[in-house]
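User: I would like to go through this structure with you and ask, for each label, what it rests on. Please set the values against the definitions as we go.

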Number of protein chains: 2
Amino acid sequence: MKLIGMLDSPYVRRVAICLQLQGISYEHLPLSVFRNMDAIREINPVIKVPTLVLDDGQVLMDSTLILHYLSLLRADTPVPALADSVRALRLTGLALAAYEKAVQIVYERKLRPLDKQHAPWLERVGMQLHAAWTALEHECAQLPLPGETGSIDQAGVTIAVGWSFAQLETPDIVKPADYRCVHAYTRSAETLPAFLATPPV
Amino acid sequence: MKLIGMLDSPYVRRVAICLQLQGISYEHLPLSVFRNMDAIREINPVIKVPTLVLDDGQVLMDSTLILHYLSLLRADTPVPALADSVRALRLTGLALAAYEKAVQIVYERKLRPLDKQHAPWLERVGMQLHAAWTALEHECAQLPLPGETGSIDQAGVTIAVGWSFAQLETPDIVKPADYRCVHAYTRSAETLPAFLATPPV
């Protein structure tokens with residue numbers, strides 16, 4: 001299969017790392033939705049990444065739906081207990097909210113001239129971004145460091161990728177000193193082979 | 001359980017209809033992320049809808065993750081063939097892209113003063129919106145009308161809810177005459193009891 005999109009998108013990187021962790025071989029086409037619009041349009045006219053092109057040519061988009069597809073390929077994996085699934089969905093929801101808010105801030109700052117940027121919007125989204133990381137900080141305080149345990153689940157991948165993205169793109173807003181457990185969790189995750197193989201830049 | 005959010009959000013309505021279809025009883029709190037910010041913050045500090053509050057108090061967000069949770073409650077349902085799942089994920093990805101682009105247009109128009117609206121952004125997002133509905137038009141041409149068959153799956157719900165939303169919020173951009181099969185599919189879906197019970201306005 002082929003994964004389309006640059007790893008500077010947390011949504012793309014989340015999928016890439018899960019592909020690595022699952023041991024699935026794939027071709028990566030690091031195309032930009034802005035600089036390589038025409039090339040992406042030929043693969044996915046909606047021009048969204050991540051896009052996953054299956055071996056039979058079918059095209060999937062939306063990182064959560066793509067990860068659901070990957071889970072279907074592991075039919076022999078034991079089904080987790082409902083409580084564990086709910087916890088993973090809860091953490092993933094928080095992390096995806098953090099992605100969305102960080103991306104909205106990046107888009108506001110980078111895709112608009114200064115006179116088209118809207119301060120109340122940035123303020124609202126920044127507040128939401130902090131709320132998501134505050135909740136995740138409480139959660140990460142209870143998690144073992146993935147580099148030490150040698151294992152990480154999909155929710156953990158989603159958290160760590162989101163924090164690395166926030167540090168690259170919004171370091172003036174969410175700071176390690178305010179989210180020490182998330183930061184330690186992510187630094188530990190970034191030592192894992194699947195993360196090292198898919199750097200965000 | 002409690003579902004938080006107004007049905008004018010396609011993400012909220014998508015979940016509400018799937019709850020109805022699955023026969024799950026729930027309390028609906030139609031709170032607005034703008035007008036009822038403080039009330040929502042007490043339930044979900046990230047201020048995102050849909051938010052689902054489970055009976056044990058855990059809070060889930062993100063419509064796709066919530067629907068995944070609902071699917072876990074139906075453990076006795078036969079697992080669909082992989083090809084059917086992939087098709088559903090493909091259609092759902094297209095429909096969610098259409099949601100995202102329509103919401104971006106609504107936010108641009110309604111949350112910003114005119115002088116902060118950015119024409120190149122609206123143009124890009126509008127193009128993506130058309131691309132998503134064009135692909136879905138081809139798909140709907142092959143689907144039976146849900147009101148006639150009496151059945152609809154999660155992908156079908158997601159498509160119909162998205163089209164009704166687009167007709168309410170962006171009727172100047174995506175027009176029934178250009179997407180006749182999607183329009184017929186949605187009109188038919190909107191006759192189903194689960195849709196009638198959860199009107200978008």
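Analyst: Contact here means heavy atoms within 4.5 Å. The model is a predicted one, in which local features need pLDDT of at least 70 and side-chain atom pairs count only at pLDDT 80 or more, while totals for chains, interfaces and linings use all residues. Residues are numbered from 1 along each chain as its sequence is written, chains are lettered from A and ligands numbered from 1 in the order in which they are written, and side-chain values use heavy atoms, with hydrogens and water left out.

User: What is A:Arg90 in contact with, leaving aside its neighbours within four places in sequence?

Analyst: With those neighbours set aside, A:Arg90 is in contact with A:Glu139 and also with B:Gln58, B:Val59 and B:Leu60. A:Arg90 itself sits in helix H4 of chain A, residues 82–110, where a helix is a DSSP run of H or I of at least four residues and a strand is a run of E of at least two, both numbered from the N terminus.

User: Why does A:Arg90 count as buried?

Analyst: Buried means under 20% relative accessible area, exposed over 50%, and partly exposed in between, with a 1.4 Å probe and protein chains only. A:Arg90 has 17% relative accessibility and therefore counts as buried.

User: Why is B:Gln154 called partly exposed?

Analyst: The relative accessibility of B:Gln154 is 33%, so B:Gln154 counts as partly exposed. B:Gln154 lies in helix H7 of chain B, residues 154–169, and, apart from neighbours within four places in sequence, is in contact with B:Arg14, B:Cys18 and B:Leu67. B:Arg14 is 140 residues away from B:Gln154 in sequence, yet their C-alpha atoms are 8.4 Å apart in space.

User: How do you know that the radius of gyration of chain A agrees with a compact globule?

Analyst: The radius is taken over C-alpha atoms, and the globule rule is 2.2 Å times the number of residues to the power 0.38. For 201 residues a compact globule would have a radius near 17 Å, and chain A has 17 Å, so the two agree. Of those 201 residues, 53% count as buried, and the C-alpha trace spans about 50 × 45 × 30 Å along its principal axes.

User: What makes up the division of chain A into domains?

Analyst: Chain A is divided into domain 1 (2–74) and domain 2 (86–196), with bounds that come from an automatic or database domain assignment. The C-alpha centres of domain 1 and domain 2 of chain A lie 20 Å apart, and twelve residues of domain 1 are in contact with 17 residues of domain 2.
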